[in-house]
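Please open the model in your viewer and keep the selection tool at hand. The tour below goes from stop to stop, saying what to select and what is found there.

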Amino acid sequence: MSRRTRDALVGYALLVPSAVIFVWFFFYPLVRLFVMGLHQQNRTGTAERYVGWSRFGDVLTGEQFTEGLRISATYVLYTVPLGLVLGVLLAVAANRRLKGIKVFQTIFSSTIASSVAVASVVFFVLLNPQIGYFSSVKFFSLSDPDTALRGVALSSVWQNLGLTFVIVLAGLQAIPDEVDEAATLDGYGPVRRFFRVTLPLISPTLMFLAVVLVIFALQAFAQADILTQGGPVGATETLVFKIFRSQQPIDQGTGSIMALGLFGITLLVSLAQFLLLERRVHYGN
Amino acid sequence: MGTELFQPTWKKVAWYAVLTALAVVILFPVYMTFVRAISQPRAYVLAGQPPWPVHPEWDAFSRAFSLGDLGRKFLVSAVVTTVIVAAQLTTSTLAAYAFTFLQFPFRRLLFYVFMATLMLPIEVTLIPNVQTIRSLDWLNSYPGLVAPFLATAFGTFLLRQGFRGIPRDLLDASQLDGFGHLAFLRRVAIPVTRPVVASFAVIAFLSAWNQYTWPRAVVTEGRWETVQIGLKTVTATTAEQNNLGFAAALVVALPILVLLIVLQRQIVRGLTAGAVKG
Amino acid sequence: MSEVAFDGVTKRFGEVTAVDQLTLDIADGEFMVLLGPSGCGKTTALRMIAGLETVTEGTLRIGDRVVNDVEAKDRDIAMVFQSYALYPHMTVARNIESPLVARRFHVDADAPPRKLTAAERSERVDQAARSLGLTDLMGRKPAALSGGQRQRVALARAIVARPSAFLMDEPLSNLDAKLRAQTRIELVELHERLATTFVYVTHDQVEAMTMADRIAVLNEGRLQQVGPPQAVYERPHNLFVARFIGSPPMNTVPGTVVRTDTGVAVQLGGQRIDLDPVAHEPLADGTEVVIGVRPEHLAVDPDGQVKAQVRAVEWLGHERLVVCDLAEHHITVRQSSGAEPVAPGDVLALTADPAHVHLFDPNTTERLN
Ligand SMILES: Nc1ncnc2c1ncn2[C@@H]1O[C@H](COP(=O)(O)OP(=O)(O)OP(=O)(O)O)[C@@H](O)[C@H]1O
Ligand SMILES: [Mg+2]
């Protein structure tokens with residue numbers, strides 16, 4: 001056997017373990033989503049009938065999906081811009097030579113240690129309508145359908161703060177000192193330097209981070225599951241929350257189509273990220 | 001960091017004040033959780049829920065273990081996390097090696113197919129995957145908890161980045177020395193890229209330990225709950241006992257916090273991989 | 001336009017003293033080169049002028065103003081960094097323009113300084129770009145430029161605000177040899193045209209020799225000697241300068257002063273070199289010295305006093321370096337390629353040009369003659 005053939009065989013063999021998992025739990029289920037979307041099962045899952053593509057249109061324009069999408073989109077709006085601004089604020093504050101700055105940097109990144117579930121419990125302590133320390137604050141009250149999503153979002157912002165901080169800080173530290181110094185010699189004060197030099201230079205990092213945070217927000221489930229159980233009156237039922245609840249045979253068709261809708265949105269966001277990454281190539285030197 | 005010049009003392013003091021204020025805001029939620037965890041629940045409510053402990057009961061942490069069966073949940077989480085991390089390291093290393101050092105037809109295409117799985121979060125494939133697990137009778141079992149996570153394209157990507165830094169000459173030299181691919185992988189590729197491997201391991205650990213949606217979907221019995229799912233039950237407990245749940249939340253975050261402090265550099269490198277050039 | 005004066009300036013980074021008691025006056029319009037080996041504190045000295053490092057001790061003046069506590073942006077100084085430090089996200093035009101954006105300038109006679117209008121800025125940018133041949137590159141970003149072009153953009157950005165002094169930190173070190181030689185000449189021309197103070201840091205003595213009005217030689221944070229290139233070369237104040245300047249370096253061999261009825265000489269092992277008796281009048285018999293002679297001031301001469309055995313011959317095309325053993329030291333003799341060939345093992349008789357013999361105190365390393 002030639003070395004080329006042998007290399008090829010070894011190559012495929014090394015891919016097999018990953019490929020098995022990917023086919024089994026990624027690509028096959030993707031096909032299944034379409035199949036399940038095209039069929040309607042009975043209550044016990046013992047029989048199903050073909051309902052056709054028309055249901056895709058019905059579900060994707062239907063009350064349940066659009067409402068879930070609206071809630072998830074609002075959730076993105078609540079969490080992403082605020083998270084980015086706070087992350088930049090923390091990173092700029094902690095990016096300086098001071099004694100003990102490492103301690104602050106560790107504290108600012110500490111929420112990385114918190115899972116979604118832990119963050120949700122922590123905010124349960126703060127926001128729960130019965131026992132929460134801040135339960136009387138109307139602006140993000142969990143008992144009011146108009147504001148509950150804000151409270152849930154707050155726990156996400158807090159939980160992601162560590163990650164955002166760490167990534168922005170790394171972005172700031174990747175700016176060569178000399179570029180910062182050149183800006184000082186060009187007569188820029190701190191504010192102008194931030195907007196004219198620092199911000200443009202970390203903008204690729206912020207774009208990346210924005211995409212990551214959007215995807216996190218679109219996947220939000222545990223926060224609502226723990227803090228509000230989707231309530232009050234469904235005000236915090238995110239898209240994933242609705243998908244999660246569609247596991248009974250009779251709901252699976254609808255749930256599958258909603259999952260495909262989520263997939264489409266994730267794809268769009270990722271595509272945006274890819275285009276932005278392409279553009280970023282022009283920045284380096 | 002060109003901004004530290006000409007910092008008069010008052011400016012430094014001002015920065016410390018700002019930094020401290022920010023630190024307090026970030027830590028306050030954890031502090032309040034701690035306060036509630038150690039306070040006697042009824043006394044705390046009667047005292048008007050102040051921002052300090054009331055009738056502290058330090059055994060809350062140990063009682064959380066016995067009452068909430070936290071020990072069992074830790075065990076489940078530990079097994080699940082260990083298996084996932086070990087499996088991901090193995091499958092990703094093998095695949096990354098193939099994509100970096102071996103030539104075979106459709107290599108590029110297969111790489112893109114692998115990467116495409118990053119577009120398919122478990123939230124999207126949840127319904128059919130749960131069905132798969134159910135049909136295998138793997139609900140409430142270790143295989144059910146770990147199966148979809150035994151491989152990850154993120155690891156393949158990250159390790160391939162690391163392997164690409166190894167000069168091809170090294171592979172050729174080692175083949176002249178009579179070593180095969182696996183020997184090269186073990187003797188050269190992995191040792192040389194150890195920082196990347198370490199970063200990936202840490203990230204894999206973090207995401208496996210912190211999982212929520214999947215275990216919530218494939219576990220219906222308390223015995224098979226991971227620690228994260230166990231936390232959900234907190235919110236359902238009575239006001240008399242919820243302090244134990246809060247204690248549990250702190251205990252669950254603790255291993256990761258320790259890891260974060262000890263392995264800060266690896267974690268930061270892993271998290272920022274892809275975000276920042278260079 | 002300003003002079004720059006260090007007066008007993010020290011800079012410490014914790015335990016490390018990067019610049020030690022530096023006193024140096026740089027005249028208005030002068031091209032001053034700070035020269036020294038790696039880590040001697042050149043960059044630190046330059047960055048103190050720029051205001052990018054604080055002064056630990058002493059005073060630093062620019063013009064009439066003590067600038068120890070003046071912020072960098074208020075010093076009216078431009079700097080060309082070794083890495084050029086161009087803004088990667090801005091076009092060439094915007095890079096060059098950047099020093100004009102935030103500052104106020106004296107434009108109208110008798111009026112307070114003001115910000116420039118967009119038209120005034122673009123006029124100045126065009127002018128600076130034209131003078132450095134960048135007009136065709138204005139729309140590009142730094143990543144799309146060659147090393148030499150980036151270097152020019154950095155220069156254009158430095159001159160556009162017409163600062164009172166230019167600071168340059170090894171600005172040629174990222175260029176290839178040919179471009180470096182060409183840019184040296186252009187920098188000298190630029191200096192003549194602008195008639196402004198230049199402070200230029202390098203560890204390359206060719207750059208220092210060819211461009212400087214005066215050279216300041218630094219070692220381990222301390223000033224060793226200041227003077228015009230020729231003076232530093234011909235009369236080094238101490239052994240460090242003697243060995244650092246010149247390539248190949250000056251031959252230095254320890255010996256003892258011997259006074260006889262006929263004159264003064266230095267005894268090297270078994271050999272002797274006569275010195276000019278008038279010039280070396282004050283030297284007492286028995287004084288320990290280090291004698292220094294540059295390779296080009298040694299000549300093969302049948303009547304030569306000193307005998308040395310050839311170890312190796314390096315042929316460089318236009319000239320030849322002959323390395324010999326002398327009193328357990330290696331010495332180098334520089335010869336034109338046309339001289340009579342020598343081979344390893346030959347014993348040469350050498351003479352030293354008496355006008356170019358340097359003597360140093362082996363303990364203080366200071367010059368004696
Ligand atoms: N920010 C700093 N912190 C601590 N030490 C420093 C710092 N900057 C410079 N030094 C030290 O000060 C000394 C002088 O450094 P400097 O950069 O001025 O040298 P240099 O002459 O420019 O050398 P080179 O030719 O290598 O650039 C060195 O020992 C250096 O390690
Ligand atoms: Mg330097």
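Begin by selecting A:Tyr12, which counts as partly exposed at 30% relative accessibility (buried means under 20% relative accessible area, exposed over 50%, and partly exposed in between, with a 1.4 Å probe and protein chains only). Before moving on, note that this is a predicted model, in which local features need pLDDT of at least 70 and side-chain atom pairs count only at pLDDT 80 or more, while totals for chains, interfaces and linings use all residues. Residues are numbered from 1 along each chain as its sequence is written, chains are lettered from A and ligands numbered from 1 in the order in which they are written, and side-chain values use heavy atoms, with hydrogens and water left out.

A search of the whole structure finds 41 aromatic pairs over all chains; rings of Phe, Tyr and Trp (its six-membered ring) pair if their centres lie within 6.5 Å, and planes under 30 degrees apart count as stacked, over 60 as edge-to-face and the rest as tilted. One of these pairs joins A:Tyr12 to B:Phe104, and it is tilted, with 5.1 Å from centre to centre and 55° between the planes. The pair crosses between chains, since A:Tyr12 belongs to helix H1 (residues 3–38) of chain A and B:Phe104 to the loop between helix H4 (70–101) and helix H5 (107–116) of chain B. Helices (H or I, at least four residues) and strands (E, at least two) are DSSP runs, numbered from the N terminus. B:Phe104 counts as buried, at 6% relative accessibility.

Now extend the selection to the cluster that ring pairs make of A:Tyr12, A:Phe22, A:Phe26, B:Phe99, B:Phe104, B:Phe111, B:Tyr112 and B:Phe114.

**A second ring pair, in chain C**

Next select C:Phe31 and C:Tyr200, a tilted aromatic pair with 5.8 Å between the centres and 45° between the planes. The pair links distant parts of the chain, with C:Phe31 in strand S3 (residues 31–35) and C:Tyr200 in strand S8 of chain C, 169 residues apart. C:Phe31 is buried, with a relative accessible area of 0%, and C:Tyr200 is buried with a relative accessible area of 0%.

Which strands pair with S7(C)? Two strands pair if DSSP finds at least two bridges between them. Strand S6 (residues 77–80) of chain C runs parallel to S7(C) over four bridges, and here C:Val80 has C:Met168 as its bridge partner. Strand S8 (residues 197–202) of chain C is also parallel to S7(C), joined by five bridges, and C:Asp169 is partnered by C:Val201.

S1(C) runs antiparallel to strand S4 (residues 57–62) of chain C, with five bridges between them, and C:Val4 stands opposite C:Ile62. Seven bridges join S1(C) to strand S2 (residues 16–26) of chain C, again antiparallel, and C:Lys11 stands opposite C:Val19. The hairpin of S1(C) and S2(C) has two residues between the strands, and C:Gly14 takes a positive phi near 60° there.

**Backbone stops**

Most residues other than glycine have a negative phi, and most peptide bonds are trans. Select A:Val233, whose phi is positive, near 40°; this residue is in the loop between helix H9 (222–227) and helix H10 (239–244) of chain A and is exposed, with a relative accessible area of 77%. Finish at C:Pro248, in the loop between helix H8 (239–244) and strand S11 (251–259) of chain C, where the peptide bond from C:Ser247 to C:Pro248 is cis, with omega near 0°.
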